Amino acid sequence: RVFIEDAVMSLREFGFDLFTVRDIHDAFAMVQPLKYSQEKQFPLKKDGVVTATPYAAGHMIGGTFWCIQRETEMLLYAVDF
């Protein structure tokens, strides 16, 4: 968070105004840490839910892949593979 805040403040002199340091604080306040295999459900605007579940990737400390599910559809998201 500190790195992002510093970058935003540095870029202000070049006219960067896409978001503010306050926006960064607000975004980080909404972060909800999850344990591996802990499901998190996100309700959809119309109907149904999307479920996201983190799993240990096993190749580096903190490496995670995500299983994202909606009804019968499943997506595995492995960002660093």
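This briefing walks through a few side-chain interactions and the surroundings of one threonine. The model is a predicted one. It holds one salt bridge and two aromatic pairs, and a lysine charge also sits over a ring, that of Phe42.

**Salt bridge**
- Asp26 and Arg22 form the salt bridge, with their closest N and O atoms 3.0 Å apart.
- Both belong to helix H2 (residues 21–29), where a spacing of four residues separates them by about one helical turn.
- Asp26 is partly exposed at 34% relative accessibility, while Arg22 is exposed at 54%.

**Aromatic pairs**
- There are two aromatic pairs to look at.
- Phe16 and Phe19 make an edge-to-face pair, because their planes stand at 85 degrees, with ring centres 5.2 Å apart.
- Phe16 is partly exposed at 24% relative accessibility, and Phe19 is partly exposed at 30%.
- Tyr55 and Phe65 are stacked, with 5.6 Å from centre to centre and 25 degrees between the planes.
- This pair links distant parts of the chain, as Tyr55 lies in strand S2 (residues 49–56) and Phe65 in strand S3, ten residues apart.
- Tyr55 counts as partly exposed at 31% relative accessibility, and Phe65 counts as partly exposed at 24%.

**Charge over a ring**
- Lys40 places its charged end over the ring of Phe42, 5.7 Å from the ring centre.

**Around Thr64**
- Thr64 is part of strand S3 (residues 64–70).
- A polar atom of the Thr64 side chain lies 3.0 Å from the backbone oxygen of Gly62.
- Beyond its neighbours within four places in sequence, Thr64 contacts Tyr36, Pro54, Tyr55 and Ala57.

Conventions
Residues are numbered from 1 along each chain as its sequence is written. This is a predicted model: local features need pLDDT of at least 70, side-chain atom pairs count only at pLDDT 80 or more; totals for chains, interfaces and linings use all residues. Side-chain values use heavy atoms; hydrogens and water are left out. Helices (H or I, at least four residues) and strands (E, at least two) are DSSP runs, numbered from the N terminus. A polar contact is a pair of N or O atoms within 3.5 Å; within protein, one must be able to donate a hydrogen and the other to accept it, and residues adjacent in sequence count only if both atoms are side-chain atoms. Contact means heavy atoms within 4.5 Å. A salt bridge is a side-chain nitrogen of Lys or Arg within 4 Å of a carboxyl oxygen of Asp or Glu. Buried means under 20% relative accessible area, exposed over 50%, partly exposed in between (1.4 Å probe, protein chains only). Rings of Phe, Tyr and Trp (its six-membered ring) pair if their centres lie within 6.5 Å; planes under 30 degrees apart count as stacked, over 60 as edge-to-face and the rest as tilted. A charge sits over a ring if NZ of Lys or CZ of Arg is within 6 Å of the ring centre and within 35 degrees of the ring normal.
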